[in-house]
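My notes follow in the order I took them.

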Amino acid sequence: MQTGCIHIDAMNKYVAFLETNASGTGVEAIRKLQHAGYHVLFLTQEIEFYQSLELNPLEVADIVIEVNTNCIGSILNRLANFELHGVVAFDDYRLITAAFVARHLGLPHPSIDGLIHCRFKNLTRQVVSSGNVDYQVCELKAPLDDGTVPYPCVVKPCDDSGSVGVRICQNAEDLHKAVAALKEQRINARGYRLSSQYLIEAFVEGQEYSAELIWNTTSNNWQLLGVTEKHITSGSYAVEVGHDFPVILPEYQEVETTIHGWLNEAGLSHTVAHVEFKLSSHGMALIEINPRPGGDMIHLLCQLSTGIDVVDRYLELLVHGYAGQSNSAKYQAASIRFLVPEAAGIVTLVETPEPGPNIVMSKIKAVPQRIQSVSSSYDRLGFVVAGGISTQAAREAVDTFVQHTRILLEPEGISTLQSQQPEAGWVLLLGNSLKGAKAIRTLGYDVAMIPDEANSLSGEAIKLCRAAFPVKLSNLNAVAQAYDECESLFGPPLTILNFSDAGQLACEWLRDRHGLQGNGVDVAKTIIDKGLMRSVLNQDVHMAVGFVSGTASELLEIAASMLTGHHRYVLKPSDGVGSRDIYFIDGMPALRDALENHSNSDAVWVLEEELPGEEYSVEAVSCDGITRILGITKKYTNHRGVEVGHLYPAPLPEAEQVAIEQTTLKALNLLGVRWGATHTEVMSGSKGVHIIETHLRPGGDEIPELLLLVEEHCQYKLAIEVLISGTLLPTPRHPKGSAAIHFFTHDGDAGYLRSLELTDDLDLFSLELNYKPGDEVPSCSSSFNRIGYVICVSNEDDAFTRCLETAKRLTLSVE
């Protein structure tokens with residue numbers, strides 16, 4: 001992401017996006033615009049919110065601009081130098097802002113009065129007099145008069161989204177609880193400060209539906225695409241758990257006429273609309289009008305059933321010159337079902353069945369997920385979409401999928417074991433490491449875990465733990481609270497371990513805080529910050545590498561003198577992991593292009609000279625400053641610098657092996673590493689051996705597994721014993737044969753996986769695939785979006801060749 005100096009090309013057609021939604025519809029729209037030749041500017045003040053999304057718009061947009069997206073003046077200031085063709089919002093909270101900005105710039109926009117009337121539910125009730133629902137508008141600061149309220153009733157905030165804060169109340173006690181909850185939640189999950197007004201509405205008995213409409217510029221009127229039937233949870237919270245499209249209602253003509261009347265009363269035009277309503281014994285009742293495409297993948301159900309892409313129609317209305325693609329309907333009907341847990345707790349496993357022939361796609365959130373209550377759409381765990389020759393056929397396909405899905409739910413905090421002092425002692429493990437938990441238990445110790453709530457954790461790992469408290473590992477206060485919970489249950493731990501990137505700093509901080517053996521916070525900070533690490537290593541002239549570090553704007557000012565001649569450089573985030581956002585730079589134009597996609601004012605980058613040679617990784621364990629090398633692995637990378645394979649042992653001449661080991665030992669000593677496992681990446685070539693980076697953890701990508709297959713040394717167990725007993729067990733190195741891993745990648749454009757098959761019987765040790773037919777497959781830009789891997793073992797040194805032979809037999813079809 002780039003800040004400050006943004007390279008603007010006058011030949012480009014720019015479209016500005018103000019934030020986006022979490023469902024992925026906005027990312028889909030960005031890709032549609034890019035495919036049509038537009039460059040997308042993504043304006044945001046919510047960098048952290050998007051980092052946790054699987055479909056991250058920050059990684060897709062052409063230019064990311066950090067700005068206060070609630071302030072029209074600030075937005076116009078940042079857009080002043082761009083030749084814009086449209087301003088778009090998929091986020092409910094910025095629809096009005098986007099329209100005001102577009103109007104100021106003379107660009108297409110919906111009717112602003114209509115947006116205001118629809119965005120604020122109190123105004124919707126006031127202007128749409130035929131909505132057929134009794135209501136009252138209340139102020140949070142005013143006393144609540146529950147004597148005038150008929151029950152059951154519905155309490156809802158006037159300006160939130162996704163069923164958040166909506167509660168069905170059966171009596172005065174429920175009503176007071178619902179209003180109290182609104183008072184506590186003044187700022188929502190998107191950082192939006194909610195209105196102090198709220199609605200109390202009469203509860204309408206009856207089935208709920210939504211109508212999907214687009215504005216027809218030819219007839220200058222609304223066009224109804226169809227009606228969607230909703231499936232909603234019972235109880236106090238109305239959470240949508242499914243949709244079927246289309247449903248044919250006997251009252252269809254009346255429905256169409258009534259909805260047109262509601263939209264005209266609201267004054268809404270020149271956009272698309274998702275209108276929610278109920279059919280009751282008293283007629284049609286308006287729930288709300290959303291001036292945007294329907295959420296919950298309803299736009300996909302429409303496209304599958306009608307061939308009309310609502311997202312395309314939305315963009316055609318808001319972006320000059322955009323023309324969507326023509327599609328034909330693939331099915332007569334389509335349905336979606338959302339997976340929801342039955343109660344609050346920590347979801348540790350979501351196991352889905354093999355998709356049937358009518359399943360179009362499915363997507364499941366990474367676990368663990370902490371569910372405090374099933375009260376809004378944010379608490380859903382995933383979804384499945386199916387098509388069919390009829391609405392009934394589509395319904396049956398998704399319902400069968402859900403019925404055969406297994407969800408494991410652990411109570412909050414305590415897992416399956418008893419909370420008493422373990423006999424052999426216990427170990428606290430930070431980060432989401434199944435291998436680490438297994439190694440601890442194999443050595444006879446119990447384990448409690450503080451996993452990073454942003455990443456996945458298997459149900460198997462949870463079962464190995466006495467307790468699991470998912471928190472953000474970057475939040476040291478939350479980590480400390482989780483530690484205190486564990487200590488109150490089991491007493492002090494024998495040691496604190498970390499086998500992940502996310503937990504390196506928190507682990508050393510906790511060790512320091514509780515007087516346990518470790519490397520210290522300063523060492524962890526030095527190793528996490530690649531610029532700081534490079535400064536320390538450059539104290540040794542033989543390891544020195546030319547580099548500069550700074551924010552995007554700082555690099556653009558100071559890098560010109562470096563980027564001369566024919567040398568190539570490597571640009572990477574100072575705290576990056578997993579080969580994410582690595583660029584190869586051969587001049588200032590390439591540097592500007594790379595930084596255009598990264599506009600976070602706080603982001604620090606490292607630009608260092610590219611080193612010639614072959615890349616290797618060194619696995620080691622240190623005990624009180626004495627480091628033992630366990631082995632050296634050869635690394636294979638693609639043209640983007642993403643690791644696609646490893647071979648152990650690396651085929652090296654003895655002299656080169658010794659040089660790599662000595663350089664690694666010298667580097668760890670300079671950095672102050674004294675305890676535990678390390679994974680060090682090196683480049684060996686014509687300029688000698690240089691350190692790329694090191695980590696206070698075992699290697700990823702199953703590298704410790706390769707060592708275990710060949711040498712029978714477990715890096716995890718050795719590191720655990722070192723920190724508990726202060727003893728480094730013997731590790732003789734007598735490699736027998738070789739072991740290798742090869743990763744399957746998709747280098748084309750992102751798409752949906754249609755088929756995946758292996759054509760022959762294969763002689764392999766392990767095969768893992770992260771995607772199944774129907775899943776969206778991204779283009780491989782980092783190690784986080786590889787498709788899967790194969791591990792092969794050989795009595796010779798040809799294990800990696802066997803992996804490549806296996807890869808040739810894997811057939812992928814991505815559309």
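**Entry 1: a histidine**

I started at H260, which is found in helix 9 (residues 252-266). I kept in mind that this is a predicted model. Is H260 buried or exposed? I read a relative accessible area of 17% for H260. Buried means under 20%, so H260 is buried. Next I looked up its partners. Leaving aside neighbours within four places in sequence, I found H260 in contact with L213, N221 and W222.

**Entry 2: the second largest pocket**

I then turned to the second largest pocket and noted a volume of about 240 Å³. Which residues line the second largest pocket? I listed V241, R337, F338, L339, V340, P341, E342, V402, T405, I407 and L409. Two elements give two or more residues to this lining: strand 14 (333-339) and strand 19 (406-410). Strand 14 supplies the largest share, three residues. I sorted the lining by class and got eight nonpolar, one polar and two charged residues.

**Entry 3: a helix pair**

Last, I checked helix 16 (residues 504-513) against helix 17 (residues 521-528). They pack at an angle of about 170°, and their axes are 8 Å apart. That angle makes helix 16 roughly antiparallel to helix 17. From helix 16 I noted Q504, L505, E508, W509 and D512. They meet V521, A524, K525, I527 and I528 in helix 17. By class, this contact has six nonpolar, one polar and three charged residues.

Technical notes: Residues numbered from 1 in each chain as written. Predicted model: local features only at pLDDT ≥ 70, side-chain atom pairs only at ≥ 80, totals over all residues. Heavy atoms only, no water. Axes fitted to C-alpha atoms, helices over the stretch in contact; angles between N-to-C directions. Helix = DSSP H or I, 4+ residues; strand = E, 2+ residues; numbered from the N terminus. Parallel < 35°, antiparallel > 145°, perpendicular 65-115°, else oblique. Contact = heavy atoms within 4.5 Å. Nonpolar A, V, L, I, M, F, W, Y, C, P; charged D, E, K, R; others polar. 1 Å grid on protein atoms, 1.4 Å probe; cavity = no way out; pocket = protein on both sides within 12 Å on 5 of 7 lines; lining within 4 Å. Points joined across faces, edges and corners; volume = space filled by probe spheres on them. Buried < 20%, exposed > 50% of the residue type's maximum accessible area, 1.4 Å probe, protein only.
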